Amino acid sequence: MAASNGSSTSAQARLILLLLLAPAIVWLVGLIVLPHVDLAVLSLRERVAPRQYAPSFAQYRTFFEEPLYWHTFVRTATMSIVATAITLLLAFPIAWTIAKLVKGRTKSLLLVLCLIPFWVSETVRTLGWMILLRESGVLPALLVKLGITDTPVELLYRDATILVALVYTSMLFMVVPLISALESLDDSLIEAAYDLGGNGPSILWQIVIPHAAPGILAGCIVVFMLTLGNYLTPTLLGGKNSLWFTEQIYTQFITRFNWEQGAAFGFLLLGLSTAIVWAGLKITGQKFGEVMSKT
Amino acid sequence: MIASLPRPTWLRASTVVYCVAFFAFLFLPLVVVAVFAFNDAPYPAPPWRGFTLDWFFGSGAAGGGRVGLFADKPLLGSLWTSVVVAAWVTLLSVVVGTTNAFLIERSRFPGKQALSLLMLAPLVIPGVILGISILAFASRLAQFADDTWGLELDFLRPGLPLVVLGQFAYIVSIASLIITARLKRFDLTLEDAAYNLGATRAAVFMTITLPYLAPALIGAAAIAFLMSFENFNTTLMLVGSDAPLTVMMYGRMREGATPVLNAVSLFLMVASAALALTLMRKPADRPV
């Protein structure tokens, strides 16, 4: 509220500016910048004797020399990419239906129905999947009843299960940006293409997808990032075999108390998610601020 | 194809089928959680053994050894812990979010562009990493204070104060976005008119700017509360001996849960639905 009104003196304006700046600086420096700098320092040192540290790349070397660690890293990234792709494929028809096919009350009803599951916590949703899928759960019992399997099968602790639950957890963050991207597409463009002899697939490829590309990328960036950093779903539904990278970070930090190694892992994950977000923004020519405020 | 164009019957039919299947997928986990809260069995699993309210009102002794939600002291304690944490996070986020909104919309200073970009950074930091970085930094500070001045700074050790700080660190970004979006649409001539009529700065803020911002403040508070309540990743890294609800539920789910977890989940569903419905009556600025 500075320069715009004449009644304030410049000293007063400066005081107000300082008062507004203080909380933002304390937050960003104290809780974001300094902790991450500290984490970087932590990841680049090695314990040589009790309470004696020396600068070293040992932690990063361990990551590359120990196959378990980089296998888990690559696996986490690959599964996140697959989960993002499936989420996009499943979300697109729904977003299209909500944005283009239904109107009025049906439209707001469907939109609210999409939001409701995400008002409850991820813990609750994961509990639901566990009840559905575990050996004594609803789905295996149903399969036996229908005569498809003789005995109940364990559906937990499989990669496909983790993928289903990850897709489920990220659905909202794909549907919302897709709807806003598709709503901005002018219907008359599609009508014109249809009059000129276009059919469904050609209209989809030549008009709809190019127009919706920024929204698609925004959704993919957010979903990928959240999936990569997920801890709860892979750990509970994947059990000991989940091999998720956040789990390795947790193990190093909390179980083994090897903070130097955990910090290095944290930085590798942060580097990967930052690289993906950056690449996504570059490819679509989007601005970070605009994408984030849409989601 | 859009509504104004002819669509073949098979396409119409498959759209309907797909929508039904999609929403079944979305609601199936929630429905089973709710249904098995009433199952008369020690595990939340089929077969259905009849309807019971034990998992809500069972008191241990009377309920055949079953401890329902309202008698489960640790569970109720963690629920309360979550409420306290969420209240602090909400308060801090809305206050700092408001100052951030004025900073971004009304002030000019060198480096503003960089600062407003930095404010969005917490949204792309995975929660686990936000947690470990704050954990490591806080214990380094605590260690330093202990070594240098012999001070024991307990709030820097894992525990609820750190959980509040960790959740605040990224939730305030979202609160700032919501409040800034509303402040951006504010008509400055309203304030100028009030000044011309002789109002003081404080009076203008209280009678014009703040009431205009109120819907965004309420919306931001609701989102902050919900996100804090649901947070797991950051919380897990910073938690001490008092576990909030999500961490407590996680622990019990690993051990093999009784339907009391379903009962508390159903309770949460009803509570958040009630909160959401109240908010939707008054149109607030909600991003999601």
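1. The side chains of Arg140(B) and Asp38(A) form a salt bridge, with a nitrogen-to-oxygen distance of 2.5 Å. The count of salt bridges between chain A and chain B is one, so this pair deserves a place at the head of the note, given the cut-off of 4 Å between a side-chain nitrogen of Lys or Arg and a carboxyl oxygen of Asp or Glu. The coordinates belong to a predicted model, and every remark below should be read with that in mind.

2. The interface as a whole may be taken next. The size of an interface is often given as the accessible area lost when the parts come together. Chain A and chain B bury about 8,400 Å² between them, and 78% of that area is on carbon and sulfur atoms. The contact draws on 96 residues of chain A and 90 residues of chain B.

3. Ser133(B) gives a local view of contacts between the chains. This residue belongs to helix 5 of chain B, which runs over residues 127-149. Leaving aside residues up to four places away in sequence, Ser133(B) touches Pro35(A), His36(A) and Leu39(A). Is Ser133(B) buried or exposed? Its relative accessibility is 0%, and Ser133(B) therefore counts as buried.

4. An unreviewed UniProt entry annotates residues 16-38, 79-103, 115-139, 159-181, 202-227 and 260-280 of chain B as "transmembrane region". In the model, residues 16-38 of chain B are 87% helix and 0% strand, and the end C-alpha atoms of that span lie 32 Å apart. Residues 79-103 of chain B are 100% helix and 0% strand, with end C-alpha atoms 35 Å apart.

5. The UniProt annotation "domain: ABC transmembrane type-1", likewise from an unreviewed entry, covers residues 79-279 of chain B. Over this range the chain is 79% helix and 0% strand. The end C-alpha atoms of residues 79-279 are 22 Å apart.

6. Aromatic pairs form a further topic. A pair of aromatic rings is described by the distance of the centres and the angle of the planes. Over all chains the count comes to 29 aromatic pairs. In one of them, the ring centres of Phe63(A) and Phe73(A) are 5.3 Å apart and the planes stand at 90°, so the pair is edge-to-face. Phe63(A) lies in helix 2 (residues 58-65) of chain A and Phe73(A) in helix 3 (residues 67-101) of chain A, so the pair ties together parts that are 10 residues apart in sequence. Phe63(A) counts as buried at 2% relative accessibility, and Phe73(A) is buried with a relative accessible area of 15%.

7. Phe63(A) also pairs with Phe265(A): the ring centres are 6.0 Å apart and the planes are at 70°, so this pair is edge-to-face. Phe265(A) lies in helix 12 (residues 259-284) of chain A and Phe63(A) in helix 2 of chain A, so the pair ties together parts that are 202 residues apart in sequence. Phe265(A) counts as buried, at 0% relative accessibility. Ring pairs link Phe63(A), Phe64(A), Tyr69(A), Phe73(A), Phe245(A) and Phe265(A) into a cluster.

8. In chain A, the charged end of Arg45(A) sits over the ring of Tyr53(A), 3.6 Å from the ring centre. In chain B, Arg182(B) lies over the face of Tyr212(B), at 4.2 Å from the ring centre.

9. Pro46(B) and Pro47(B) are joined by a cis peptide bond, with omega about 0°. Pro47(B) is found in the loop between helix 1 (9-35) and helix 2 (54-57) of chain B.

10. Positive phi values call for attention in chain A. Tyr157(A), a residue other than glycine, has phi near 60°. This residue lies in the loop between helix 6 (138-145) and helix 7 (159-183) of chain A, and Tyr157(A) counts as partly exposed at 40% relative accessibility. For Phe257(A), phi is likewise near 60°, a positive value in a residue other than glycine. Phe257(A) is placed in the loop between helix 11 (245-255) and helix 12 of chain A. Its relative accessibility is 60%, and Phe257(A) therefore counts as exposed.

Methods: Residues are numbered from 1 along each chain as its sequence is written. Chains are lettered from A and ligands numbered from 1 in the order in which they are written. This is a predicted model: local features need pLDDT of at least 70, side-chain atom pairs count only at pLDDT 80 or more; totals for chains, interfaces and linings use all residues. Side-chain values use heavy atoms; hydrogens and water are left out. Helices (H or I, at least four residues) and strands (E, at least two) are DSSP runs, numbered from the N terminus. Buried means under 20% relative accessible area, exposed over 50%, partly exposed in between (1.4 Å probe, protein chains only). Contact means heavy atoms within 4.5 Å. UniProt positions are given in the numbering used here, feature names are shortened, and annotations may be inferred rather than shown by experiment. Rings of Phe, Tyr and Trp (its six-membered ring) pair if their centres lie within 6.5 Å; planes under 30 degrees apart count as stacked, over 60 as edge-to-face and the rest as tilted. A charge sits over a ring if NZ of Lys or CZ of Arg is within 6 Å of the ring centre and within 35 degrees of the ring normal. Buried area is the accessible area (1.4 Å probe) that two parts lose on being put together, summed over both.
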